[in-house]
Amino acid sequence: MQVDFYHLTSMPLERALPRIAERVLESGARLLIVAGDDAQRAALGRLLWEYSSDSFLPHGCEGGEEDADQPILIAGDVNAANNAQHVALVDGNWRDDALDFDRAFHFFDEERIAEARAAWRSLGDRDNVERRYWKQNDAGRWEQAA
């Protein structure tokens, strides 16, 4: 299982998440996006429809009749009603339930760096968990730093 830590410094979540979601869908996998706040989940739903003028990311919000059919499902907790293999934790909160997926994307900003460091350390002792830390360079591109 792979956990990718994405430290948001110059690129906001609203630009980083759609790119990750596109790559997940291109690979043929499904994605669960987790945010604890109702308003953030609603904003993410709008973002996935509007992020690009020439495309959209097919998705639904948890609680709909078609949850199981959604390539991307936005939810308040780590419960993959869409049978996702990948999970994106976008509110800065690490959840150990993410370890039940093939891959987890943990997005955090400066306000959540202490929690991200604690999660990084706690995962270091776990068998079968590969950690990667991504940071943005001066040009705004992601670089693997650890």
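I count a residue as buried when its relative accessible area is under 20%, and I keep in mind that this is a predicted model.

**Entry: helix α3**

I started with α3, which runs over residues 113-124. Its twelve residues reach 17 Å from the first C-alpha to the last, close to the 16 Å expected at 1.5 Å a residue. Which residues of α3 are buried? I found Ile113, Ala116, Ala119 and Leu123. Looking down the axis of α3, I saw these buried residues fall within an arc of 120°, so they line one face of the helix. A reminder to myself: an α-helix has 3.6 residues a turn, so residues three or four places apart point the same way. On the other side of α3, I noted Ala114 and Arg121 as exposed. Then I asked what covers the buried residues of α3. The cover includes three strands, β1 (2-7), β6 (103-108) and β7 (130-136).

**Entry: helix α1**

Next I looked up α1, residues 13-26. This helix has 14 residues and reaches 20 Å between its first and last C-alpha, close to the expected 20 Å. Its buried residues are Leu13, Ala16, Leu17, Pro18, Ile20, Ala21 and Val24. After α1 comes Gly28, and I noted its positive phi, near 90°.

**Entry: the cores**

I then turned to the largest nonpolar core, which holds 24 residues. Which of them touch the most other members? They are Leu17, Ile33, Leu44, Ala88, Val90 and Phe107. I listed the elements that give two or more residues to this core: α1, β2 (31-34), α2 (38-50), β4 (72-75) and β6. The largest share, six residues, comes from α1.

Leaving out residues up to four places away in sequence, I found Phe107 touching Tyr6, Leu8, Leu13, Ala16, Leu17, Ile20, Ala88, Leu89, Val90 and Gly92. There is also a second, separate core of 21 residues, and among its members I noted Val87, Leu89, Ala98 and Phe101.

**Entry: the largest pocket**

Last, I checked the pockets. The largest has a volume of about 300 Å³. I counted 16 lining residues, of which Tyr6, Arg19, Ile20, Arg23 and Trp142 lie nearest its centre. Which elements each supply at least two residues of this lining? I found α1, β6 and β7. Of these, α1 gives the most to the lining, with five residues.

**Entry: looking back**

Technical notes
Residues numbered from 1 in each chain as written. Predicted model: local features only at pLDDT ≥ 70, side-chain atom pairs only at ≥ 80, totals over all residues. Heavy atoms only, no water. Helix = DSSP H or I, 4+ residues; strand = E, 2+ residues; numbered from the N terminus. Expected span 1.5 Å × (residues − 1). Buried < 20%, exposed > 50% of the residue type's maximum accessible area, 1.4 Å probe, protein only. Arc of directions from axis to C-beta. Contact = heavy atoms within 4.5 Å. Core = buried A, V, L, I, M, F, W, Y, C linked by side-chain atoms within 4.5 Å. 1 Å grid on protein atoms, 1.4 Å probe; cavity = no way out; pocket = protein on both sides within 12 Å on 5 of 7 lines; lining within 4 Å. Points joined across faces, edges and corners; volume = space filled by probe spheres on them.
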